[in-house]
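Hi,

Here is the structure I said I would pass on.

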Amino acid sequence: MSQEKMVLGFDVGGTKIGIGLGGADGRLAGKARIENLNTYPEEVLPKMVSEAKRLVAEVGLSMADVAAFGISAPFPADPANGIMTAPPNNRHWKNVPILAYLREQLGIDGCFENDANCGALAEWFFGAGRGCTDFIYLTMSTGIGGGIIAANHLIRGGRALSAGELGHICIELDGRQCNCGMKGCYEAYCGGRALAQRMQEELRDNPESMIVQLVDGKLEEIDMIVLEKAVRAGDSYAVALWDEMSLRSAQAFGLYINVFNPQKLVLGTLAWAVGDLYTDPIKKYLPQFCWKEPLEACEIVPSELRRDIGYYAGVAAALNFLKEKRGE
Ligand SMILES: [Zn+2]
């Protein structure tokens with residue numbers, strides 16, 4: 001199979017679907033976007049097909065010139081069979097066999113990956129992970145997810161295909177309750193949603209708090225952006241919480257570094273939005289949680305693709321699908 005061929009990528013998000021047409025050179029030849037808020041799959045799936053065909057035709061190609069497609073989709077899903085079982089933000093989508101549908105309608109082969117793994121693949125093929133054989137990608141937003149590239153391969157794990165769930169490692173015995181049902185997960189300490197809930201609880205009876213004043217008393221508006229503002233302004237509660245968050249992140253990163261000896265930890269969302277204020281304190285605490293040699297061998301860097309990562313996610317999944325097919 002020629003490497004010059006193009007691939008199609010579909011990033012199926014809760015509010016929009018990004019479609020990208022791209023090649024191994026990292027350039028997108030075309031992109032499209034379909035609104036996906038409160039939709040039914042019967043109406044959206046045919047649109048995905050027609051938009052994909054339009055992108056291919058617009059650059060003067062036919063579907064025979066497209067080597068494969070990749071689907072990036074949220075969990076819970078049945079990745080082995082390419083079925084979106086119950087995507088968290090699309091309540092009308094139940095057991096949608098999206099992989100089989102696109103294979104049949106586009107007439108080409110494709111793959112289905114969870115979106116966090118696709119983030120890792122996108123950074124690997126097109127972003128901060130280029131040229132690495134071993135790196136870890138972490139999404140740091142409302143939840144914490146990620147993907148692991150080890151020995152030049154995406155690690156999916158065994159039957160559950162659940163490897164790379166980097167937010168759900170227990171870092172505190174009998175610790176804070178996590179959304180996943182476990183206690184003491186890293187996400188329960190450092191996920192954006194968990195931290196917002198914690199601030200809302202702890203500041204409920206504290207109208208004088210800088211954080212509460214920043215949101216004019218509307219506790220439900222407290223989020224990571226407000227926390228960052230309060231930290232920069234030197235609020236003592238915010239600074240202490242940020243410090244605890246940094247210590248917890250160092251604890252998790254130290255585990256990843258000792259277990260995988262990655263060349264890079266690539267951090268998405270919060271890390272690139274906040275900058276050094278986010279990464280510097282984590283780096284300060286890291287020597288407590290991992291060995292010196294793998295720590296010195298690991299660069300901690302922000303995502304390069306940032307907001308565009310969605311357009312690359314499915315394209316990267318397709319390129320990885322072809323790479324695995326070639327046995328590389
Ligand atoms: Zn958890």
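First, a term you'll need: a crossing is left-handed if the near helix is turned anticlockwise from the far one by less than a right angle, and right-handed if clockwise. By that rule, helix 8 passes helix 10 in a right-handed crossing (helices are DSSP runs of H or I, at least four residues, numbered from the N terminus).

Two housekeeping points. This is a predicted model, where local features need pLDDT of at least 70, side-chain atom pairs count only at pLDDT 80 or more, and totals for chains, interfaces and linings use all residues. Residues are numbered from 1 along each chain as its sequence is written.

Back to that helix pair: helix 8 (residues 236–260) and helix 10 (residues 276–285) pack at about 60°, with axes 8 Å apart (axes are lines fitted to C-alpha atoms over the stretch in contact, and angles run from 0 to 180 degrees between N-to-C directions). That makes helix 8 oblique to helix 10, because angles under 35 degrees count as roughly parallel, over 145 as roughly antiparallel, 65 to 115 as roughly perpendicular and the rest as oblique. From helix 8, D243, S246, L247, S249, A250 and F253 meet P281, I282 and Y285 of helix 10 (contact means C-beta atoms, placed from the backbone, within 7 Å).

As for domains, an automatic or database assignment sets the bounds: domain 1 is 6–123 + 308–325, and domain 2 is 131–303. Their C-alpha centres lie 28 Å apart. Ten residues from domain 1 and 13 residues from domain 2 make the contact. On the domain 1 side, helix 3 (115–126) and helix 12 (309–325) each supply at least two residues, and helix 3 gives the most, with six.

Cheers

Notes
Contact = placed C-beta atoms within 7 Å.
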